Amino acid sequence: MEGIQFLLVCPLACLAGFVDAVAGGGGLISLPAYLMAGLPAHVAIGTNKLSSAMGTALSVGKLARRGYVPWKRALVLAVGSLAGSAAGASLALRLDDEAFRRVMLVILPVTAAYLLWGKGVGGDRPPFPPGKTFAIALTVALGVGVYDGFYGPGTGTFLLLLLTAAAHLPLATANGVAKVLNLTTNLTGLSLFWLHGQVLLPLGLAAGACGLVGNWLGTTFFLEKGGRGVKPIMLGVLALCAYPFLQLGIQYLLYKLTAFLASVIGDTELCGLIGGLGGAFGLILGMVGSCALVLLVSILASAAVVTS
């Protein structure tokens with residue numbers, strides 16, 4: 001494990017905790033950070049679940065101390081979340097790294113776009129009969145559990161939206177239930193990824209600690225200023241993330257220009273060597289560019305949600 005991974009992931013994990021405290025959706029930032037640090041897709045997902053579980057556990061503890069967690073209902077529904085998360089994680093672990101990375105590069109922007117343009121939670125809705133409420137809530141727990149086990153970012157938001165909009169739970173109740181279900185899916189998925197050796201413990205713990213710091217800073221910031229001022233911070237982070245990507249692109253163009261000049265001079269071997277180096281840089285640029293694009297969409301989506 002390289003120090004550069006900590007230098008890249010930990011600050012973005014802090015930002016993810018900050019955003020999560022203000023508006024939710026911090027996983028849309030932390031997961032691309034792991035990918036940009038060069039982690040294989042499965043390791044990125046597994047390690048992200050570790051750092052996410054730390055923040056979720058803290059949230060559950062806070063809500064429980066204030067009496068906002070209906071434990072009887074939450075623990076019954078958690079059985080569905082556990083089963084769903086186990087199924088989703090098992091499916092994810094069956095995919096090879098390249099296929100899984102391609103799936104992630106599609107899912108993450110779609111998730112960010114939905115959280116950006118989707119409808120908000122809204123107010124409380126007329127309650128359903130208890131049996132109907134339980135059946136819908138259990139279905140939500142199972143379905144979102146599969147999503148979180150397989151992937152993860154946005155799970156807490158999806159649970160809150162569906163428990164209020166589909167199961168018609170009161171917002172206060174849905175929030176407490178959603179946190180418990182999210183913690184269940186996190187721990188279940190983390191356990192399976194851990195058993196398959198897909199979790200980097202030191203990096204995950206360090207990122208989780210930074211996420212907790214970001215969560216505390218975000219809570220303090222939000223209580224003082226609301227959503228104002230968050231967007232400039234995120235845009236500044238984007239600029240820092242874009243610098244190495246632009247530097248790599250310039251190097252790629254320079255290699256291509258040098259290869260062209262060598263071909264004009266007529267040195268075939270030198271031209272082939274430089275062309276090969278340029279091609280390798282092109283592949284690296286494509287991979288880094290994909291992750292950078294995902295991070296760009298994620299942060300812009302989070303910024304828009306926070307400042308809306």
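Q: The expected span of a helix is 1.5 Å times one less than its number of residues; how far does α6 reach from its first C-alpha to its last?
A: This is a predicted model, in which local features need pLDDT of at least 70 and side-chain atom pairs pLDDT 80 or more, while totals for chains, interfaces and linings use all residues. Residues are numbered from 1 along each chain as its sequence is written, and side-chain values use heavy atoms, without hydrogens and water. Helix α6 has 21 residues, and its reach is close to the 30 Å expected at 1.5 Å a residue.

Q: What percentage of the residues in the chain is buried?
A: A residue is buried under 20% relative accessible area, exposed over 50% and partly exposed in between (1.4 Å probe, protein chains only). The chain holds 308 residues. Buried residues make up a share of 43%.

Q: Among contacts between residues at least 6 apart in sequence, what percentage joins residues at least 24 apart?
A: A contact means heavy atoms within 4.5 Å. The share concerns contacts in the chain between residues at least 6 apart in sequence. Those that join residues at least 24 apart account for 82%.

Q: Which residues does S30 contact, leaving aside its neighbours within four places in sequence?
A: S30 has its place in helix α2, residues 27-36. Its relative accessibility is 8%, so S30 counts as buried. Beyond its neighbours within four places in sequence, S30 is in contact with A16 and N48.

Q: How far apart are the end C-alpha atoms of helix α4?
A: Helix α4 covers residues 71-94, a run of 24 residues. Its buried residues include A74, L77, A78, G80 and S81, and G84, S85, G88, A89 and A92 are also among them.

Q: Which residues form one aromatic cluster?
A: Rings of Phe, Tyr and Trp (its six-membered ring) pair if their centres lie within 6.5 Å, with planes under 30 degrees apart counted as stacked, over 60 as edge-to-face and the rest as tilted. By this rule the count comes to two aromatic pairs. In one of them, Y147 and Y151 are edge-to-face, 5.8 Å centre to centre with 70° between the planes. The cluster is made of Y147, Y151 and F158.

Q: Why does the pair of Y147 and F158 tie together separate parts of the chain, and how many residues apart in sequence are they?
A: The ring centres of Y147 and F158 lie 5.6 Å apart with planes at 80°, so the pair is edge-to-face. Both Y147 and F158 are buried. Because Y147 lies in helix α6 (residues 130-150) and F158 in helix α7, the pair joins parts whose separation in sequence is eleven residues.

Q: What is the relative accessible area of Y151?
A: Y151 forms an aromatic pair with Y147. Among the buried residues of α6 are Y147, D148, G149 and F150. Y151 is buried as well, with a relative accessible area of 1%.

Q: Where does phi of H168 lie?
A: Most residues other than glycine have a negative phi. H168 lies in the loop between α7 (155-165) and α8 (171-195), and is buried, with a relative accessible area of 16%. Its phi is positive in a residue other than glycine, near 60°.

Terms used: Helices (H or I, at least four residues) and strands (E, at least two) are DSSP runs, numbered from the N terminus. The expected span of a helix is 1.5 Å times one less than its number of residues.
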